[in-house]
Amino acid sequence: MGVLIKRAGRFVFAAVSIFVLVSCGASKKGTDTANDQKNNSADNGADTLVPVHSEATVFIMPGCPHCATALKVLLPLYEESNGGIDLNIEYTGFSSENVPDLSLDDPLVAGASAQICVRETVEKRVWLKFMNCLFSEDLWKSAETSWEQCAKENNIDTREVTKCLLGNDGREALAMSMMRAAVEGINAAPTLFIDDSLYIGPLQRDALLTRFCYNNENSETIFKQCDDIEKPQKFKAYVLNDKRCLNKDECNVDEELDFLKALIPDALFETVDYSTPQGKELYENMTESGNVKTVPAVYFETDFKNDRNAQMALGKYFIPFENGVFVPLRLSFDPTKEICGNSIDDDDNGNIDCDDDYCSGKMECRTEVSKSIDLFIMSKCPYAAMIAPAVDRFLKHMDKFSSPVTLKLQFIGEDDNGELRSMHGPKEVEEDMRIACIQELYPEKNRYFEYFMCRARDMKSDDWESCLSSFMKKNKIEECVTGTKGKELLQESFKLANDTELMASPQMMINNKFKVDVRIANDILKQFCLKNSSPACDEDIEKSIIETDLESPARCE
């Protein structure tokens, strides 16, 4: 469920794909169909319906087996509730930028269009009985033909449905349903909302009933099936953050909180600032309980022992304390450290901002060095290899105008008390060290970059020797790598990446002070020329074909 990201400034966990939907702010207000607006009291010979207590909208995709699993639980629950649950079914299947041709030659389109045509022809409750027939008996797998069987079982006039199906009405209604979902950012299925809240719990009867019964606290409309469902207990969740942190990448956790609210709907979230006595106490309890000294984090006043869903998604990040758990959200902002640039002695050591040792290597405190570029990479990162030709073309462009640029490759990794680690394993650390040594031995005119260009063409190869230029001496390189020098060079580079928070490959620092994130040779030139003067700035670098796909800032991080 989660992936721990140890680098500064990144999420502690990356949620399941449904997390993306939380951040889209999808709303169900615009998903009502014409038949939804038909009075829910209409029935097919059933008893008088009870008042609606809970509303649900599920987005399904034609031919999706997981959607069938969801409907096999939701449709019987709708019937059981006798009107207490107002269930809406909508469709998804493409993004707003990619509208397909909904041809009836496609069995999935034909089957979904048949479902839509029945919906357009009968009252809502009859349609849902029809859908229950399709999905309870797995007839949905051949809905393009089996719809007639379920229509007849529910006394639905198949002639009207066929008329709709052979015309454009069904496909148009299906396209509109899909388009609404796409505009709302819903492109995963099944996606379920209960009373306007995203549901990402188990698709099991009791779990769903718990939410249907108790998301809405109106006891006057609660329906009979809720008598056997225990009401969940609410509990506090304290979001510990620091208002001094203005970096969105470090401290804005709105998306994470949206996910947590969907995952743990009984939590009552309350924000607590580090500067308050309560915030200080929470921080002290967290740091004493686990090896985490950063905010934001959440403290839940429950241990989740009976919540398997939360255990699966977050359990590996739990830091137990008393009867609850802390969950770190980011691993970047230490509220006890000096904040560089606010003219305040935050850590009370007598040194303010750049005079504090903690700030000395930070971007805002670095001394500008003109006409220099530091390129931060991981040597086995494919995106670093992809940017190499653009950097090479930029350097050649500058040479054409006799405007030398000092380029230095920097490396991204972790130094754990002398043990060096990098994302792509020991071979990456070894190659990083080798490049650092070659760069140290042959810095003139950036000629070491020839080696990196060669290695970038086949990063997986272990044959580094064939990439050595004639003036590069293998024995000197090996002596550097196996001796203390290579490790020292790499440790310095790792520290620089950490100090400047340039922990994604590739990224650049211009003039020892300014972070840029570009992929195209001419974009590198433009950013360089913003801080440096050169006759080379008067002529653009023409984009090559290979650079077309590099405009998206994909990175290893």
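Visitor: Is C64 buried or exposed?
Guide: C64 counts as buried, at 10% relative accessibility. Buried here means under 20% relative accessible area, exposed over 50%, and partly exposed in between (1.4 Å probe, protein chains only).

Visitor: And C67, buried or exposed?
Guide: C67 is buried too, with a relative accessible area of 1%.

Visitor: What kind of model is this?
Guide: A predicted model, where local features need pLDDT of at least 70, side-chain atom pairs count only at pLDDT 80 or more, and totals for chains, interfaces and linings use all residues. Residues are numbered from 1 along each chain as its sequence is written, and side-chain values use heavy atoms, with hydrogens and water left out.

Visitor: OK, disulfides. How many turn up?
Guide: Searching the whole structure gives 10 disulfides, each a pair of cysteine sulfur atoms within 2.5 Å.

Visitor: What about C117 and C164?
Guide: Their sulfur atoms sit 2.1 Å apart in a disulfide. The link is left-handed, with -75 degrees about the S-S bond. C117 is in helix α3 (residues 107-121) and C164 in helix α6 (residues 158-166), so the pair ties together parts 47 residues apart in sequence. Helices (H or I, at least four residues) and strands (E, at least two) are DSSP runs, numbered from the N terminus.

Visitor: How buried are those two?
Guide: C117 has a relative accessible area of 0%, and C164 has 8%.

Visitor: Which cysteine does C381 pair with?
Guide: C556, S to S 2.2 Å. That link is right-handed, with 90 degrees about the S-S bond. C381 lies in the loop between β10 (372-377) and α13 (382-400), and C556 in the segment after α18 (521-531), 175 residues apart.
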